[in-house]
Amino acid sequence: MEQRARSSWRLGLVYMTMGIFFWRGVCAQIRYSLSEEQNDGTVVGNLGKDLGLDLRSLKERGFRIVTTSGDSLFTVNQNDGVLYVNGKIDREVVCERTSACIINLKIALENPLEINYVTVEIVDVNDHAPTFSEKETRLEISESALPGARYQLQAARDPDGGTNSVQQYKLSLNDHFRIEIKDRGEDRKMPFLVLQKPLDRESINRHKLLLTALDGGRPPKTGTMQIIVDVLDVNDNMPIFTQDVYSVTLMENVPVGTTVIQVNATDMDDGANGEIFYTFGNNIDSRLLKRFDLNSNTGEITVTGPIDYEEMNSYEIDIQASDKGPVNYRLTSDKSITIKILDVNDNAPEIEVTSFSSAVPEDSKVGTTVALISVSDLDSGVNGKVLCFITEDLPFRLTPSSQDNIYSLVTASTLDRESVPRYDITLIAKDAGQPPLSSVKTITVQVSDVNDNSPVFSSNPYVFYVMENNVPGKSLFSVSAVDRDLDGNAVIYYNIWRDSGNENKYTSFININSENGEIYALKSFDFETIKTFQFYVLATDSGSPSLSSNVTVNVFILDQNDNVPVILYPVSANGSAEGVEEIPRNVNAGHLVTKVRAYDADIGYNGWLLFSLQEVSDHSLFGLDRYTGQIRTLRSFTETDEAQHKLVILVKDNGNVSLSATATVIVKVVEPKEAFAASDVTNAVKDEEENNVTFYLIITLGSVSVLFIISIIVLIVMQCSKSSDYSSKYLQDVNYDGTLCHSIQYRSGDKRYMLVGPRMSFGSTLAPGSNRNTLVIPDRRRRDSGEVRQPGLVTSN
C-alpha cells in the first residue's frame with residue numbers, strides 16, 4: 001500500500017509538471033528515449049554535453065532539475081552533467097492509459113540564470129500479461145437460445161500500451177460456441193461469446209470453456225479466464241428491440257435532464273419471463289456514466305453532465321434489455337445507440353502567426369509580405385467560418401491566400417523608420433456564428449534602417465579662432481555631424497576636401513581625425529603671414545551606398561606676442577641701434593633732442609610700444625616720453641655739465657610676456673656755432689633718410705591696410721550675425737565715450753582690443769604692427785600727451 005501511494009503521488013506530480021509545461025506552450029530542446037523498467041542509476045544521457053555547457057562550472061552554477069516537490073524520477077550529476085534514473089520507472093504507473101509517455105524536465109543553472117527544457121520519452125516494454133478481473137465467469141443460457149446469440153464477456157486488461165496491449169482472444173475448442181471481437185478503439189477489444197449450435201440441457205447441462213487473451217508482444221503474453229455456461233430450461237425467448245438501429249442527434253451544451261432517446265424491447269414469454277428492464281452494458285465507459293443516465297423501467301436516456309462537441313462529437317452506448325424470468329433462466333439482448341453531437345458557437349476564433357518577419361526594411365516595396373497569419377475555430381460549419389481583419393489605419397493590410405483561414409500581412413504603403421520605427425498591429429478574428437465571437441492579437445513589426453539620410457553638420461559654416469604659433473599635431477578644433485540612420489548607416493567618417501588649386505593651398509597644413517572630426521595643424525601658423533583661410537570638410541556615412549555632405553570651415557588666426565620690437569632710429573652704419581646727436585649748449589628746457597622710432601609686427605597690446613630710459617648719465621638733464629619716444633631737455637645746460645651724455649632707451653611691447661629691444665643715443669653738447677654748422681649736414685642726411693623711410697612705410701602701410709579693411713568687413717558681418725554666444729570673447733567697454741563708429745571689443749588674455757569702423761577718437765591708440773582697425777583701449781593717464789599715435793611707427797616732428 002505504501003508503494004502504491006508513493007507511485008500515485010509521483011504520478012500526480014508528473015501530471016502537474018506536464019500540465020504546467022504544456023500550458024506555457026514550452027517545447028523541450030533535447031529529447032531522450034528510455035525504456036521502462038530500467039534500474040536505479042541508469043544513464044539517460046549527458047545533459048551538460050548535449051546542452052553545450054561548461055562541465056567544470058556545473059556545480060558552481062547550481063546545475064539541477066527544477067521540481068515542485070522533493071521527489072523526482074530523474075537526477076543529474078553536477079560533476080559531469082549526466083542524467084540518471086532515480087529509482088525504477090514503471091511506465092504504467094507514470095503514464096497510465098496514455099499512448100505516448102512523455103516526461104518534461106526543467107533544467108536550471110544559476111549565475112547567470114539559464115533554463116533548459118528536456119523531454120524524456122518512456123518507451124513501453126511488454127512487461128505485463130493480460131489479466132481478467134475474474135478468474136471464472138458464469139453464464140446461464142437457455143436451452144432455447146438460437147444459434148447466433150451473443151453474450152458479452154469481461155474484457156481482459158493489459159497495462160501496456162500500443163501493440164503490447166490485448167490484441168486478440170482465443171476460445172478453447174468446442175462445438176457450441178465461438179468468440180467474436182468488437183473493436184471499440186482506444187485499445188479496447190470486447191469479446192462476445194456467440195452460440196453456434198443449439199444447446200441441449202439434457203445432453204450437456206454445463207459447458208466449461210477457457211478464454212485466452214493474447215497481447216501483441218514478441219513472444220506474446222497471455223491471460224486466461226474460465227467460462228462456465230449453465231444451460232437453463234424453460235424461458236427460451238429473449239427480449240427483442242423494436243429497432244435494428246438506434247441513432248440520435250443532440251445539441252452540445254443542452255441542460256441537464258434533457259431526454260436523449262427512449263429504447264423499447266419486447267419479449268414473447270409470459271409473466272415475469274416477458275417483463276423487461278434496461279441496463280447499460282457491462283463495459284460501458286465511465287465517461288458515459290458521468291454524462292448520461294438510463295431509466296431501467298422505461299428505457300429513457302437523459303443528460304446528466306456537460307456535453308461538449310469539441311471534446312467528443314459522438315457517443316456509442318451499449319444497452320441491455322433483460323427479462324424478469326428466474327435468475328437462472330433470464331434472457332438478455334444488447335443494442336448499441338449512436339448519439340451524434342451538434343456544434344454550437346461556443347468557441348472564440350484563435351489567431352496564430354505561423355511565419356513572422358519582426359523587422360522590415362524601410363525601403364520595402366508595397367506588397368512585401370511581413371507575416372503569415374493562420375486563424376482557426378474549434379467550432380464547425382458556419383460557426384467555424386472565420387474572418388480576419390485590421391481596423392487601424394496603418395501602412396499594412398491583410399490579404400487572403402488560396403488556402404482557407406490563411407492570410408498574408410503585407411505592406412500597403414511606403415515605410416520610414418525615422419518617422420515611425422515600429423508598428424503595433426492589432427489583428428481581429430471574428431467567426432460567422434450567432435452571436436459571433438471574436439479574438440484579438442497584437443504583433444509588433446520593427447522597421448529596420450536603410451541608408452537614406454545624409455550626415456548633417458551641427459553648424460554651417462563653421463568659424464574657428466586659432467592662436468598663432470600653435471603646436472603642430474595638437475588638436476585645434478572639431479566639427480561634428482549626425483546621421484538620422486542607425487548602426488553602420490549612422491557611422492560617420494570625416495575627411496578634408498583637397499584640390500590642386502592655389503586657393504586651397506592651406507589645406508595641406510591641416511589634417512582631420514576621420515572618426516571624431518578633430519582637426520589638427522601640421523605646422524604652426526604665423527599671424528603675420530596668414531590671418532584667415534577657408535577649407536571644406538566632407539562627412540560620409542558607412543552605408544551602402546554611402547551618403548555624404550560637406551561644410552565650409554573658416555579659420556581666423558589670432559595674434560600672439562611673438563615679434564620683438566625693431567628699432568628704426570637710431571641705426572648706425574654697422575646696423576646696431578646706436579646714434580649720435582649734437583645739440584647747442586644754449587638750448588632751453590623742452591628742446592627736442594631726438595626721437596627714437598620703433599616698429600612691432602604684432603597687433604593690439606602685443607604691438608603697442610612703450611619707451612623708458614634704462615640708463616642715463618644725468619637724470620635731471622634729459623627726459624623721455626614713454627609713448628612717443630621723444631627725448632627732450634629738462635633744463636638748460638650749465639658750464640659744469642659734461643659735453644657728452646649716453647642714453648640707453650628700452651623699447652618694450654605690452655604683451656602678456658613683453659618683448660623688448662634697446663637703443664643707445666650719444667648726445668654731444670657743442671657750442672652754438674659748431675652746432676649750426678653740423679646741423680646743416682645732419683639735417684640734410686636726416687631729410688634724405690626720412691624721405692626714404694617714409695616712402696617705404698607708406699607703401700607697406702597702404703598694402704596692409706587694404707587687407708585689414710577687407711578682414712574687418714568680414715568680421716563685422718559675421719559678428720553681427722552671431723548671438724550672445726561670443727559674449728565671453730567680445731566685451732562692451734562701460735567707460736567707452738561713444739566716439740568710435742561700429743566698434744567691437746574683444747579680450748585676449750588680460751588685454752582688451754577694439755575693432756572699429758572708419759572713425760577713431762583721440763586718446764586711443766592703434767595697435768602697432770597691425771593693418772587692421774584695432775584699437776587698444778588706452779589708460780586715462782595717457783591722454784595728457786594729446787597726440788594721435790600712428791600704428792607701429794613713431795616719427796619725429
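Helices (H or I, at least four residues) and strands (E, at least two) are DSSP runs here, numbered from the N terminus. This is a predicted model, where local features need pLDDT of at least 70, side-chain atom pairs count only at pLDDT 80 or more, and totals for chains, interfaces and linings use all residues. Residues are numbered from 1 along each chain as its sequence is written, and side-chain values use heavy atoms, with hydrogens and water left out.

Reader: How many helices and strands does the protein chain have?
Author: Let's just take the count for the chain. Going by those runs, the protein chain has 5 helices and 53 strands.

Reader: Which residue in β7 is the bridge partner of Leu105?
Author: Strands pair if DSSP finds at least two bridges between them. β6 (residues 101–109) runs antiparallel to β7, with 9 bridges joining them. In β7, Leu105 has as its bridge partner Val118.

Reader: Is Lys441 buried, partly exposed or exposed?
Author: Lys441 sits in strand β31 (residues 438–448). Buried means under 20% relative accessible area, exposed over 50%, and partly exposed in between (1.4 Å probe, protein chains only). Lys441 has 32% relative accessibility, so it counts as partly exposed.

Reader: What separates the C-alpha atoms of Lys441 and Ala429?
Author: Beyond its neighbours within four places in sequence, Lys441 is in contact (heavy atoms within 4.5 Å) with residues including Ile425 and Leu427. Ala429 is 12 residues from Lys441 along the chain, and their C-alpha separation is 8.5 Å.
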